[in-house]
Amino acid sequence: MASYQRAVPVLQVGDVQTSCRWYADVLGFTPNPFPKSPPYSFAILRRDEAEIMLQCAEETKGAGSTRRAADPAFRWSVYLRIEGTAILDVAAAAGKKATVMRGPERMAYGLVEFELCDPDGYRVCISGDAPAGATVKAHEE
């Protein structure tokens, strides 16, 4: 019987090149866009064991900077879990390159999370364990 390895989000974006640049600059993903030269219609982004796919939305092809409305709080399109205890360092680094929409906050289930919004309005939540003894604000419900 076949065994599934992972589920990969496929995001419909207005400009694959712009989105590739954001995920590379802000979160350290390596893009593999198609075709070989712009305008790109598709890309696979990889970092460590994580993958995200980007597909050019047909209704926005050539439309310039058409952007969807940002997803409201807790409507995540992508949830990335970080291995180890570097979540606060990752949040600080990402916050220098993009607006942190929420967090870092310790959730009731123990993980620390923060959220970003990508160029197409997709909400990306990054989570992980904080270092022992780290003071992290508790999420208020």
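Biologist: What is Leu11 in contact with, leaving aside its neighbours within four places in sequence?
Modeller: Leu11 is in contact with Tyr23, Ile52, Met53, Leu54, Gln55, Ser77, Val78, Asp118 and Tyr122, where contact means heavy atoms within 4.5 Å. This is a predicted model, where local features need pLDDT of at least 70 and side-chain atom pairs pLDDT 80 or more, while totals for chains, interfaces and linings use all residues. Numbering runs from 1 along each chain as its sequence is written, and side-chain values use heavy atoms, without hydrogens and water.

Biologist: How many residues does the largest nonpolar core have?
Modeller: That core has 29 residues, and Leu11 is among those with the most contacts inside it, as are Tyr23 and Ile52. A nonpolar core is a set of buried Ala, Val, Leu, Ile, Met, Phe, Trp, Tyr and Cys residues joined through side-chain atoms within 4.5 Å; buried means under 20% relative accessible area, with a 1.4 Å probe and protein chains only.

Biologist: Which element gives the largest share of this core?
Modeller: α1, with 6 residues. Helices are DSSP runs of H or I, at least four residues, and strands are E runs of at least two, numbered from the N terminus.

Biologist: Switching to the sheet, what order do its strands have?
Modeller: The order is β1-β4-β3-β2 in an open sheet of 4 strands, with mixed pairing. Two strands pair if DSSP finds at least two bridges between them.

Biologist: And β1 with β4, parallel or antiparallel?
Modeller: Parallel, over 4 bridges. Val13 has Cys56 as its bridge partner in β4.

Definitions and conventions
Buried < 20%, exposed > 50% of the residue type's maximum accessible area, 1.4 Å probe, protein only.
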